[in-house]
Structure formats: C-alpha cells, structure tokens
Amino acid sequence: MIDAVAMTNERNQMFRDLFSGKTPKRVPISNPATQDFAIQYAGLDLAECQWDLTKLEPVYDKFCQDFITDTYPGGSIRIPSHYQILGSTPIVMSSSGFMQHPEVVGLLAEEYDQFIASPYDCIVETILPRLYTELNGEPGKVAMALAKAMRAHSDDLAYLGTIRAKMNAKYGYAAMAGALTEAPFDFMADFLRSFKGISGDVRRYPDKVAAACEAVLPLMIKKGTLPNPSMLGYTFIPLHMAPYLRDKDFATLYWPTFKKLVETLAGMGQNVQLFVENDWMRYLDYLYELPENTIMRFEYGDAKLVKEKLGDKHIISGFYPITLLQTGTKQQCVDKAKELLDILAPGGRYWWQADKSVINFESKGPVAENMRAVLEYVHENGTY
Amino acid sequence: MDSKYYVTWEEYLAEHPELEGKPIKAIAPKIEKYEDAVFTFIMDLLL
C-alpha cells in the first residue's frame, strides 16, 4: 500500500531542494508522455476522450499505475470544446484527434502601430476576431460565443483538476502549481505575425518589432505570474524563434524583453522553467546571465557543454531523445539515460525530462516498454 | 496595463459609485478575480 501523503512530502522536498540549488535525495523525474499518449495507451478514441472528459479518469489511473514519475503526468492546455465554440483557426483538431497549430496571421504588418499603442485592445478588437470566426460578428453573438466558450473552458479545467487531485492523492506526486507565458518575441511570432511574417519583419521593420516586444512585455509578465508564487511552482516558458535568428537580431530583438520577463518573474519569488526548443548552443553565454536556478529544459545540443557552462548556476533538464524510444532497443534506451545521468546529475541541479513530449502511441511499437524501462532506470539509479 | 478592456479595482470602483457603503472587502477580490480570469482566457487563446 502506497503512503501517498508521505510520497508527496518526499517529492515536494526533492523539488524544493532542486529549485533552490541544493542536491536533492535523488534526481526528480517527469514522465514525458502527454494526455494524448495516455488515451491511446488505454486503447480509447483520442477525439472522443478529449470531448468527453468523463472517460479520462481510468485513462490517467492506468497511465499513473504503469509509468513511474514524480510529477503529475499528462495534462492538456488544448481542450477542444472552447476552440470549437469560438470557431478557432489557430488551434484545430486533426482527423486523427490531435490538436494542431497551423500557421496563422493574426496581426498584419500595417497594424504594428495599433498594437504598439495598446496591445490588449488590439488583441480584443483586431486579432481575436481575425483568428476566431465566432468573435467576428454582431456584438450580441460575439458576447454569447465568448460566454459559452469561457464556461466550457472553466468546466473542462475544473473536471481535469478533479482527476489530477485524485491521482495526486493516490500516487503521491509533488504538488506543483504552474503558469504559462511566452517570450515577447515568440508571442509576436506564434499567433500574430507567423513564422514567415516575423522573419521578414526583423529585416523590414526591426524598430517596430522591438517596440511591439516592449509593449507586450507587461502582458507576458502578468500572464506568467502565479497567484501565490512559491518554491514548488514555476512559470513555463516555451522558447521558439531564437535559433532561427541572426545573432544580432537575437541580441537586439529577442533577448532584451525575454531577459526582463524572466528577471521580473524570478524577482517575484517564483521559479521559471524554460523549454529551450531546438538548438541554443550559440546562446549559452546569454542563458548564463538569467537569474540563478532558472530551470532550462533543452531539446538539442551538447549536454556536456551545457553542464560545464550553466550547471553551476542553473537547473538543467531535457536532452533525452524521445526518438530513441521508437528506434532503439531497451538496452540502448537505458544506456542513453545512464549517459545523461553521468553527465548531468553530479552536483545536483538536474531534473530528468525528455527533449520533447511523447504524444503518439502505437500498440505494437516499442515506445511504452522503452519509456517504462528508462523511467525505472533513472528512478533506481538517480539517487545521490 | 492601459486598456479599455481591462480595469483595475480602483478604476472599477470609480465607475461604480453605487458601491459606496457596500462590503468593499468582499466585493473587490471577486471583481478582480473575474477580470483576471477573462484576461487569462483571452491570452491563452494566443498561446
């Protein structure tokens, strides 16, 4: 019989130690697989389960039972109901049930000045009606659509929160709160100007891009602020565009407001976890400048170099290549976990996470078995 | 944040004189909570 309360206390202490730069009892682990994976692993229909959340409790129970982890696994920020109600174009469900983000343009280049003058007004009046068809119409219908969508979203989050609380109580996971925000430059790119659009803007209108990033920074700070900052919570910031920028554009357009964002959040006493997507090896000296104990989950790059340059100041995570779970043998997968433990665990400041999330499950494929072996290996061999 | 779509409690109170004499300590956190809930919902649509 699991003493879940004792396990939660132990795991909470591990993360408190990790996030404060102390060496924890062992390397904490987070299962890289998502809710999408869990639904497929349970043999259920992906689309149906995301609409009918009542099917998810046994899905999570099996997922938690079969894969060891220190934090609640899965979770989802892309619940389909409110996107459907709003007529979403930036987030849509594919025919296979995955929520996807097509390239969209919410802000036209000639609208930069409007955005810079008041980002939130521009979002409400111009960007959302362009991206969400039900927010573009008669005021009464728009109000009704917004009310229905918010209610649906609130109900869905409440239901998922209930499942999470049950799993935490049963399996003794660390009790961590989270917020989500973006680097201002990435926010300008992702849903507003698009990858293609912002790539042209940095050459054509660099001053406007810089001004837009400054203008939207207060919104990004507010969005990333936890109601009650604590040593057990963190703000998650996925980083997107920097590897696609020239060094000088990164220095002038990306870095200044991103640095201010992280410094402001850290100054409030909350942890920040960066998902350092793609390859940031040419920016390691910049990352070193961020507040001590910034959590950095890397996708690609040289783990040894990162440990050497950042490991005495920041908390390192990621690097484990999930593609190996699909292509490698169980021994190869475990060997890779050992290699990364040997590089990144000494001295603490290491949180085992993979280089990206595992979303797809094939019943006859090796991913589940390989992932289980890796998680168990790190759990058994990550003790300090 | 300077926006016509986001009001602080102080701005809200100034626009609603009918609240004078009401239990402000109970009203303020509720009004602020839903102001922030809409802000978070709106921003999540672009993340």
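## Close-up views of a predicted model

**A:R349 is a buried residue, with 25 other C-beta atoms within 10 Å.** The structure shown here and in the following legends is a predicted model. A:R349 belongs to the loop that connects α15 (330–344) with β8 of chain A. Its phi angle is near 60 degrees, which is a positive value in a residue other than glycine. Most residues other than glycine have a negative phi.

**A:S194 has a positive phi, near 80 degrees, although the residue is not a glycine.** A:S194 is part of helix α9 (residues 184–204) of chain A. Is A:S194 buried or exposed? With 20 other C-beta atoms within 10 Å, A:S194 is buried.

**Six strands of chain A form an open sheet with parallel pairing.** The order of the strands across the sheet is β3-β4-β5-β6-β7-β8. Which strands stand at the edges? These are β3 (178–180) and β8 (350–351) of chain A; each has a single partner strand, so one side of each is left without a neighbour in the sheet. In general, the strands of a sheet pair through backbone hydrogen bonds, either parallel or antiparallel.

**Strand β5 (residues 271–279) of chain A is largely enclosed by the rest of the structure, because seven of its nine residues are buried.** Strand β4 (residues 234–239) of chain A pairs with β5(A) in the parallel sense, over six bridges. Along this pairing, A:Y234 has A:N271 as its bridge partner in β5(A), and A:L239 stands opposite A:V276. β5(A) also runs parallel to strand β6 (residues 295–300) of chain A, and five bridges join the two. Here A:Q273 is placed opposite A:I295 of β6(A).

**A right-handed β-α-β unit is made by β4(A), helix α11 and β5(A).** The helix of this unit, α11 of chain A, comprises residues 247–267. The two strands of the unit, β4(A) and β5(A), are paired in the parallel sense.

**Helix α8 (residues 139–171) of chain A has 33 residues and reaches 47 Å from its first C-alpha to its last.** This span is close to the 48 Å expected at 1.5 Å a residue. Which residues of α8(A) are buried? They are A:A145, A:L146, A:A149, A:H153, A:I163, A:M167, A:N168 and A:Y171. The elements that cover these buried residues include α1 (4–19), α4 (56–66) and α5 (80–86) of chain A, together with α2 (24–44) of chain B. Just after α8(A), residue A:G172 takes a positive phi of about 70 degrees.

**A:D66 is a residue of helix α4 of chain A.** A:D66 is partly exposed, with 15 other C-beta atoms within 10 Å. This class applies because the count lies between the limit for exposed residues, 12 or fewer, and that for buried residues, 20 or more. A:D66 and A:R372 are 306 residues apart along the chain, and their C-alpha atoms are separated by 7.6 Å.

**Chain B contains two helices and zero strands.** Its C-alpha atoms fill a box of roughly 40 × 20 × 15 Å, taken along the principal axes. How many residues does chain B have, and what share of them is buried? Chain B has 47 residues, of which 6% are buried. The average pLDDT of chain B is 95, and 100% of its residues score at least 70.

**The contact between the chains takes 14 residues from chain B and 16 residues from chain A.** On the side of chain B that touches chain A, 10 residues are nonpolar, two are polar and two are charged. The model as a whole scores ipTM 0.96 and pTM 0.96.

Conventions:
Residues are numbered from 1 along each chain as its sequence is written. Chains are lettered from A and ligands numbered from 1 in the order in which they are written. This is a predicted model: local features need pLDDT of at least 70, side-chain atom pairs count only at pLDDT 80 or more; totals for chains, interfaces and linings use all residues. Two residues are in contact if their C-beta atoms, placed from the backbone, lie within 7 Å. Ala, Val, Leu, Ile, Met, Phe, Trp, Tyr, Cys and Pro count as nonpolar, Asp, Glu, Lys and Arg as charged, and the others, Gly among them, as polar. Helices (H or I, at least four residues) and strands (E, at least two) are DSSP runs, numbered from the N terminus. Two strands pair if DSSP finds at least two bridges between them. A crossover is right-handed if, with the strands pointing away from the viewer, the path from the first strand over the helix to the second runs clockwise. pLDDT is the predictor's confidence in each residue, from 0 to 100. The expected span of a helix is 1.5 Å times one less than its number of residues.
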